[in-house]
Amino acid sequence: MSRKHTTITVDDVPANRRRGGDIRALLTPTTVGSTSGFLGVATIAPGEFISEHYHPYSEEFVYLVRGALTVRLDGEPTELRAGQAVFIACEVRHRLENHGDEDAFIVFHLGPLAPRPDLGHVDTEELPHPEAPLPGGTR
């Protein structure tokens, strides 16, 4: 699939909730024929998180549009507020947590692509029960 221009809206892509939050990969090899990476958005509700994982082949760029997040990088917390971005290098374990009282909305980009889609993402924790507390005792 090779396209010069394709417009995708959030509603064109189903939500992926397997790792927590509402994640939508918008511009991908499947949706637009990209070959160097992909872009998406995620909404993380208060008390929600995206479970810890890492990318063996890709760097990840995360920009927080709205809300506040705790981003754990190899277990170390970094506070992110709206208007800030964080760079996550290949193989750095990361987890995004919303301890606030409003939805956090992020835009993310990963690149380069892994050699195969099944090699692009490594989970390092199982998604716990929805009522389980976040680290620090909050939910």
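Mentor: One term to start: a salt bridge is a side-chain nitrogen of Lys or Arg within 4 Å of a carboxyl oxygen of Asp or Glu. This is a predicted model, where local features need pLDDT of at least 70, side-chain atom pairs count only at pLDDT 80 or more, and totals for chains, interfaces and linings use all residues. Residues are numbered from 1 along each chain as its sequence is written, and side-chain values use heavy atoms, with hydrogens and water left out.

Trainee: OK. How many salt bridges does a search of the whole structure find?
Mentor: Nine. Take Arg24 and Asp22: their closest N and O atoms are 2.8 Å apart. Asp22 also forms a salt bridge with Arg17, at 3.2 Å between the closest N and O atoms.

Trainee: Is Asp22 buried or exposed?
Mentor: Buried, because its relative accessible area is 14%. Buried means under 20%, exposed over 50% and partly exposed in between, with a 1.4 Å probe and protein chains only. Arg24 is buried too.

Trainee: Which residue does Arg95 meet in a salt bridge?
Mentor: Glu97, at 2.7 Å from N to O. Both Arg95 and Glu97 are buried. Shared partners join Arg72, Arg95, Glu97 and Glu125 into one network of salt bridges.

Trainee: New topic. Which residues touch the most other members in the largest nonpolar core?
Mentor: Val62, Leu69, Leu96, Ile106 and Phe108, out of 18 residues. Such a core is a set of buried Ala, Val, Leu, Ile, Met, Phe, Trp, Tyr and Cys residues joined through side-chain atoms within 4.5 Å.

Trainee: Which strand gives the most to this core?
Mentor: Strand 9, with four residues. Strands here are DSSP runs of E, at least two residues, numbered from the N terminus; helices are runs of H or I, at least four.

Trainee: And what does Leu69 touch?
Mentor: Its contacts include Ile44, Leu64, Leu80, Leu96 and Ile106, leaving out residues up to four places away in sequence. Contact means heavy atoms within 4.5 Å.

Trainee: Last one. What classes of residue make up the lining of the largest pocket?
Mentor: It has 16 nonpolar, nine polar and five charged residues. Nonpolar covers Ala, Val, Leu, Ile, Met, Phe, Trp, Tyr, Cys and Pro; charged covers Asp, Glu, Lys and Arg; the others, Gly among them, are polar.
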